[in-house]
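Morning, everyone. Let me put the structure up, and then we can walk through some salt bridges.

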Amino acid sequence: KLLLRAVTSSAMRVVLAPAAASACSHFVMNFTTGDFMLSGRSMDGIEELGAGFKPQGELEFALHAFPTGRGTQRFAAMSWEQSYAYLGVTPYKYDGLPIDKWDGHVISARDVVLEGLNEKGLACGGLTLKESEFEKPGLDPRRNLVSFAICKWGLEQFSTVDEVQEAIRKVHVILPPTSHYVFTDASGRSLVLEWLEGKRQEYVDHNDEGETGFGILTNDPAYEWQVENVKHLKWKMGLARSAVAIPGGFYPDERFQRIWFAKRAIETDPNKPSTYQEAVGLVTEVLNTVAVPHGGIYAADASSTKPGQGDFTQFQIVRDHKDPAMFFRTAFSPSWRRARMADLGLQNSTAVRTLAPLNEGPWFIDAAAEFRSSGSSLV
């Protein structure tokens, strides 16, 4: 009852709102050279909060570096020992009101990890799935995991998708928001978790051109439908007189297909990335194809027609699973910044380090000092 009261409180609804963000995209690159293991993620607008160009209630995010020395972690009646340090994106401010350190005794704002990567290269992201219906609580409250704590629970304890899959079968995942979750590890495999009609669905995606999946996740409809939809697209492309258009909208199925088109073109190109910079640049190219502009954009999965309440891309992330790091940028701070875990001193520490809000910081590189004399321009 205490947990339910916390979740239904006004303050907690603000904290949980980003966990029910409208449109989001995730993908894993399959660079066949094996030198790079990168994935991409975009987080799109929260229409329910009126997030827009001049938002009525602007939500800001923080990136935290959570160290390993924090010991036992508790969430409601559950507890576990934190084994791994990780980077995690959480709500920071709403309409100028700090919520980063809001603590409802049962739930705190920093428990709502929307996106994260741990020191072993395991990443977790929550993306909206409006048809989600979670399980009923079990009789043992110590095995009831609240859905919006899945990333925190997974990143602090596990290093591979196999470990997550084994552990998720031992708990009951309960309560909204309506999301599905994806874990990706350093091998490039992903575990997609959905709850439909109160039952857990598990999909291990080897990023193998549809045999098990395509290394992509967006939103509604559910994952299995999205995979079959791309398989059907591939069938049409294989016909003798094929004429298939690249989907241009921002609906979840069109973003899923467009990511596949872009990702497949890069992955099958004989010119493989030879440098880290090139590999990150190629992930960026795919992210650019699904970036949602500000304004009343059409062909997006927004349910409101009010000004300033449409979807837009708030932030994007490139994850490095091999040398665990996050590159991140926001709508109005579009230059990539990097947080590399090895540089943050997170072993055997208890101090959480924070970069907030994400949309502040250097947003361009001034190139004036890079100009050099190259001689006279006279012929």
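This is a predicted model: local features need pLDDT of at least 70, side-chain atom pairs count only at pLDDT 80 or more; totals for chains, interfaces and linings use all residues.

Start at helix α3, residues 150-157. It is mostly covered, with 7 of its 8 residues buried. Among them are Lys 152, Trp 153 and Glu 156.

Take Glu 156. Its relative accessibility is 0%, so it counts as buried. Glu 156 forms a salt bridge with Arg 70, and the closest N and O atoms are 2.9 Å apart. Glu 156 sits in α3 and Arg 70 in the loop between β3 and β4, so the pair ties together parts 86 residues apart in sequence. Arg 70 itself is partly exposed, at 23% relative accessible area.

Now Gln 73, in strand β4. Gln 73 is buried, because its relative accessibility is 9% and the cut-off is under 20%. A polar atom of its side chain lies 3.5 Å from the backbone oxygen of Arg 70. Beyond its sequence neighbours, Gln 73 contacts residues including Trp 80, Lys 152 and Glu 156.

How many salt bridges are there in the whole structure? The search finds 18.

Another is Glu 209 with Arg 264, closest N and O atoms 3.9 Å apart. Glu 209 lies in the loop between β14 and β15, and Arg 264 in helix α6, so this pair ties together parts 55 residues apart in sequence. Glu 209 is partly exposed at 32%, and Arg 264 is partly exposed at 33%.

Last, Asp 343 pairs with Arg 340 in a salt bridge, closest N and O atoms 2.7 Å apart. Arg 340 is partly exposed, at 23%.

Definitions and conventions
Residues are numbered from 1 along each chain as its sequence is written. Side-chain values use heavy atoms; hydrogens and water are left out. Buried means under 20% relative accessible area, exposed over 50%, partly exposed in between (1.4 Å probe, protein chains only). Helices (H or I, at least four residues) and strands (E, at least two) are DSSP runs, numbered from the N terminus. A polar contact is a pair of N or O atoms within 3.5 Å; within protein, one must be able to donate a hydrogen and the other to accept it, and residues adjacent in sequence count only if both atoms are side-chain atoms. Contact means heavy atoms within 4.5 Å. A salt bridge is a side-chain nitrogen of Lys or Arg within 4 Å of a carboxyl oxygen of Asp or Glu. Lists of a residue's contacts leave out its neighbours within four places in sequence.
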